[in-house]
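Here is a short walk through a predicted model. Keep the sequence and the structure side by side as you read.

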Amino acid sequence: MITISGLIYKDRRFEEGHIIVSDNGYEIKPGIMEGADHNGIIIPKFINCHTHIGDSAIPRPPKGTVEEIVGPPDGYKHRMLRQTSEEDIVQGMRKSIRIMESNGIGRFIDFREEGIKGTRQLSKSMEDETYSDHDGRIKCDIYARPENNVFDQDEIDNLLEVSTGLGISAISDWDYDELKAVGEYVAGEGQTLALHASERSREDIDKILDLKPKFLVHMIHASDDDLALCADGGIPIIICPRSNAFFGTTPPIERMLAAGIDICLGTDNMMLVEPDMFGEMEFLRNSISNNTSNHGMDQGIDQGMDYTVGDEKLLNIMLDNSRKVLNSNPDIGVEPWGQDGFIVIDRPTERPASQVIGSSPKDIRFMWRSQS
Ligand SMILES: [Zn+2]
């Protein structure tokens, strides 16, 4: 039996409580426990909402545009993937999965390139025997990508059989009629599709939404009207601020929040950014305060808009919105056995949301892994 006491994240806020971990799982009880084995701030594990772990084995690229570095079919990443052996790609993915586990990530949503071959490589990486001595393990939602950006029903059927859904690069990379056929087929099958949108430049929001996406990634160049349409449609947007910074761009976080969008966070390409959600949160916090001051200087603050995003709200974004995308519950106390597990952060408990955002994986004192 292991006991943990401190502040537990529950119903979008922290309250005092303690947890008793036994062979059968764990039980949450109210109130602080004196003499517990571990003390700290207790939160559900993170969900990394956007990754490309297929490029883990690829050296960090030189500076370049999105198109030059990650654009299909001949950007740096795709050229390098073609030159890298399957064994190296799979080993790289295994390493990234282990890093994410130790960073307190309970689940990640991956856009896997290279068609059925790439999807199988990721499934294979997830089956690594080195995980089997854990009492549970990190989970992956695979969004698979058709190999040649054409509608091939057999290929789509095969991809959907081994994935959570389709993860499309962008409408700009496709002949739209082909992509529309894919979208209609996927929706008709009751399956899921998601895509990168308005990353390099603004793309036609009507064409994007006609594909019935479950969520969009980036939306850096979205207009206010584009964002309003996403909010109306209840479509979450996943942002990857550190990856965007590599390309010299910043997601319009304040405008997204003002539009009522559910924002989620991802770390994007492994070759660009460490899969560390603490780091991503802290970067997001810093970029929000920068944006706030810049906006104030450039345009005055007399437009009556409140750009302030406090740490509590940021933590809600981190812990709750991502579960909305997956339709699962963020509250570690409601249905413990079916959830992703929790982590205990060894930091002072004053202003806990700020403590969590200022932490790093080294502050994780204890980690519980679910059985499922
Ligand atoms: Zn991406």
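Start at I53, which sits in the loop between β5 (46–52) and α1 (66–70). Is I53 buried or exposed? A residue counts as buried when 20 or more other C-beta atoms lie within 10 Å of its own. I53 has 29 C-beta neighbours inside 10 Å, so it counts as buried.

Which residues does I53 touch, leaving aside its neighbours within four places in sequence? They are M93, S96, D110 and M270. Take S96. It is 43 residues away from I53 along the chain, yet 6.8 Å separates their C-alpha atoms.

Now turn to the helices. Two packed helices are described by the angle between their axes and the distance between the axes. Helix α3 (residues 86–102) packs with helix α4 (residues 115–126) at about 50°, and their axes are 9 Å apart. That angle makes α3 oblique to α4. The crossing of α3 past α4 is right-handed. From α3, the contact draws on E86, I89, V90, M93, R94 and I97. From α4, it draws on Q121, L122, K124, S125 and M126. By type, the residues of this contact are 6 nonpolar, 2 polar and 3 charged.

How values were computed:
Residues are numbered from 1 along each chain as its sequence is written. This is a predicted model: local features need pLDDT of at least 70, side-chain atom pairs count only at pLDDT 80 or more; totals for chains, interfaces and linings use all residues. Axes are lines fitted to C-alpha atoms, for helices over the stretch in contact, and angles run from 0 to 180 degrees between N-to-C directions. Helices (H or I, at least four residues) and strands (E, at least two) are DSSP runs, numbered from the N terminus. Angles under 35 degrees count as roughly parallel, over 145 as roughly antiparallel, 65 to 115 as roughly perpendicular and the rest as oblique. A crossing is left-handed if the near helix is turned anticlockwise from the far one by less than a right angle, and right-handed if clockwise. Two residues are in contact if their C-beta atoms, placed from the backbone, lie within 7 Å. Ala, Val, Leu, Ile, Met, Phe, Trp, Tyr, Cys and Pro count as nonpolar, Asp, Glu, Lys and Arg as charged, and the others, Gly among them, as polar. A residue is buried if 20 or more other C-beta atoms lie within 10 Å of its own, exposed if 12 or fewer, and partly exposed in between; C-beta atoms are placed from the backbone.
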